[in-house]
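Colleague: I would like a close look at one part of this model, the contact between the two chains. Please set it in the context of the chains on either side.

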Amino acid sequence: MNFWDYARVSKVSQRSLLYFCVGLFGASAIAEPRTFSARVGEDVYTCTVEETSVGGLASVSLKEVVRQLGGQVRVESGAVRVTLLGATANIVLGDTRIASTHNEFTIQHPAREFENEIFIAVSDVAPLFNYGFKLNLQRGDAALAPPVTPGQPTVAPSSVAGRKLIVVIDAGHGGTDPGESGPAGAEERTISLAIALRVAELLKEVCTPVLTRSQDQGISTRERVGAANVTLRGDVLVSIHTGASSSPVPSGFEVFCLPPPTAQDPRLQMMVQRSLALGQSIANAMTGATGTPARGVHQVPALIFSSLQMPGVIVETGFITNPTEEALLVNAEYQEKLAQGIANGVVAYVKGMTQ
Amino acid sequence: MSDAPNKSNLRSIGMVAWALFTLVLFFCVLLLANELMKSGRNPLELAENVDGLSVPVTPSAPSASELRDVPIYVASADGRMLLPERRSIPFGEFTVENCRAALDELRKPSNTGSNMSVLPASAEYNALFLTENGELVIDFVTSSLQTTAKSTGSEALMVYGIVNSLTQDVLRAQNGGPVKTVRFLFGGEAPGESFPAHFDLSQPIAPNAAWILKTEATQ
């Protein structure tokens, strides 16, 4: 039985086969026009665009949608900047993450460029404009109906694209890598895990905390970053460690953020800004929880930041090499204070981001 | 009758051998010049200065004995920031020699009892050279840094202590350009995850004044 016989026997329509073949070889105009509409106060926004199959995915031209909604699109070296209703959204081609003035969120399918046109999946149009521009865009002309009455559910605080923010909690070291150890024998891997587990517990109600490890196991930095980016699909990352010095004198906690961007990449710039905001928020909250001022919030090119695709921070909770602080770091009550401080910092950041 | 072709063949073989020898010699000279340039020396200037072939040129021996005060950076007693300390180094004709002398000073204990040197006294390096684009490459002996504290903060102090010290204009000599960045190698290879465990040294590092404590002396 050859392919065409199989197609006939399995009742695969010629149209489906055509879609399949077109999907394999790129983009081709196939389908009908799509209408989207939104109402902002008394203003009604509508757009009708032709649906196109791009790589087998029902898509529409982003430029055309934005143009009809009254906005502008600028494309610069792989990044798309959409300006609409006084807000801006930065989209990186091939990436599902969007950073806008209002929000940071993900769409289901990455935007793609084909023949100087930017395409976005039909299913992603409403989420993009709703979370990125607070437009409440709907498929069809439903928005032309009477205005929405107040009291209807909106995007909940601390949520992104209709879901809770995913906070990746990374307990440093583990397994065969104990990290640094204190003069009395306390190990960084155990302290960082204990604090990370408490932070995850404390964040449960507000965010979706996910751990890179929940037990004493060794994971490489590359694996941690890969998990945060791909498997766990985090929105922010908090990596928990202890500090260390060749001297027993240094003490206190410290926060490290993404380094200044080396390229004029709007998405990277926003990530760095958010990393700093998160770092400052955690440092402030930890000061409140422990009663000790932070040693500082620094920007460093840390290994864990090198391929990270979300705002991230490293929290060094205290110097394990300082005998007094080592005793505090293994104390459950003090660990609770540290965890509370980190969790409060994350919550304050999340609230600030979604307001 | 057969002598003439034999002689002609021998001459051809001799010419080919001579050409090959010349070619090999030419490549050797090119490689040598390249190595000299990597270490921040200009081979043409060296050739002019050499009085005959008997004068040895050793990269590690300073060609001038003038002592000069230069600042190097040490970690403050609380391990938060970097502080400058003045050290006397033999100031040579080559930037890379001055960097070597400054790097040696970075391993020595701080002048004050409380501040900390950014490198352990055990720190050793296999090689130090300066590329044409101002990248100073230090190849550390990995095992010699095992005693270094491993945390993001302490590694940042070590890295920026070295980089901020070695990229100073005061180390620039008449031969060799300025040091703009420092690339770290460990055992001849790019850093792995074992050390440094937190700081990303896959790229050359530029100086960062944010780690220097603002005092009257540094302003």
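Modeller: What follows starts with the contact and then turns to single elements and residues of the two chains.

The model is a predicted one, and every value below is computed from it. Put together, chain A and chain B bury about 1800 Å² between them, and 55% of that area lies on carbon and sulfur atoms. On the chain A side 27 residues take part, and on the chain B side 21 residues. Within the area that chain A buries against chain B, 31% comes from Arg295(A), Pro301(A) and Leu303(A), more than from any other three residues.

As for specific pairs, the count of salt bridges between chain A and chain B is 0. Residue pairs in polar contact between the two chains number 8, with both residues at pLDDT 80 or more. Four elements of chain A give two or more residues to the side that touches chain B: the helix α6 (221-231) and the strands β16 (236-243), β18 (297-299) and β19 (312-319). Of these, β16(A) gives the most, with 3 residues. By residue class, that side of chain A divides into 10 nonpolar, 12 polar and 5 charged residues.

Arg233(A) has a positive phi of about 50°, although it is not a glycine. Most residues other than glycine have a negative phi. Arg233(A) is partly exposed, at a relative accessible area of 39%.

A positive phi also turns up elsewhere in chain A. His173(A), again not a glycine, has phi near 60°. His173(A) sits in the loop between β14 (166-171) and α5 (188-203) of chain A. With a relative accessibility of 8%, His173(A) falls under the 20% limit and so counts as buried.

Because 10 of its 12 residues are buried, α4(A) is largely enclosed by the rest of the structure. The buried residues of α4(A) include Val122(A), Val125(A), Leu128(A), Phe129(A) and Phe133(A), and also Asp124(A) and Asn130(A).

Chain A as a whole has 355 residues, of which 50% count as buried. Its secondary structure comes to 9 helices and 19 strands. Among its contacts between residues at least 6 apart in sequence, 67% join residues at least 24 apart.

In chain B, one residue can be followed in detail. Gln168(B) lies in the loop between α4 (152-166) and β5 (181-186) of chain B. Gln168(B) is buried, with a relative accessible area of 16%. A polar atom of the Gln168(B) side chain lies 2.6 Å from the backbone oxygen of Pro71(B). The side chain of Gln168(B) also reaches the backbone oxygen of Ser165(B), at 2.8 Å. Leaving aside neighbours within four places in sequence, Gln168(B) is in contact with Pro71(B) and Tyr73(B).

Note on methods:
Residues are numbered from 1 along each chain as its sequence is written. Chains are lettered from A and ligands numbered from 1 in the order in which they are written. This is a predicted model: local features need pLDDT of at least 70, side-chain atom pairs count only at pLDDT 80 or more; totals for chains, interfaces and linings use all residues. Side-chain values use heavy atoms; hydrogens and water are left out. Buried means under 20% relative accessible area, exposed over 50%, partly exposed in between (1.4 Å probe, protein chains only). Contact means heavy atoms within 4.5 Å. Buried area is the accessible area (1.4 Å probe) that two parts lose on being put together, summed over both. A salt bridge is a side-chain nitrogen of Lys or Arg within 4 Å of a carboxyl oxygen of Asp or Glu. A polar contact is a pair of N or O atoms within 3.5 Å; within protein, one must be able to donate a hydrogen and the other to accept it, and residues adjacent in sequence count only if both atoms are side-chain atoms. Ala, Val, Leu, Ile, Met, Phe, Trp, Tyr, Cys and Pro count as nonpolar, Asp, Glu, Lys and Arg as charged, and the others, Gly among them, as polar.
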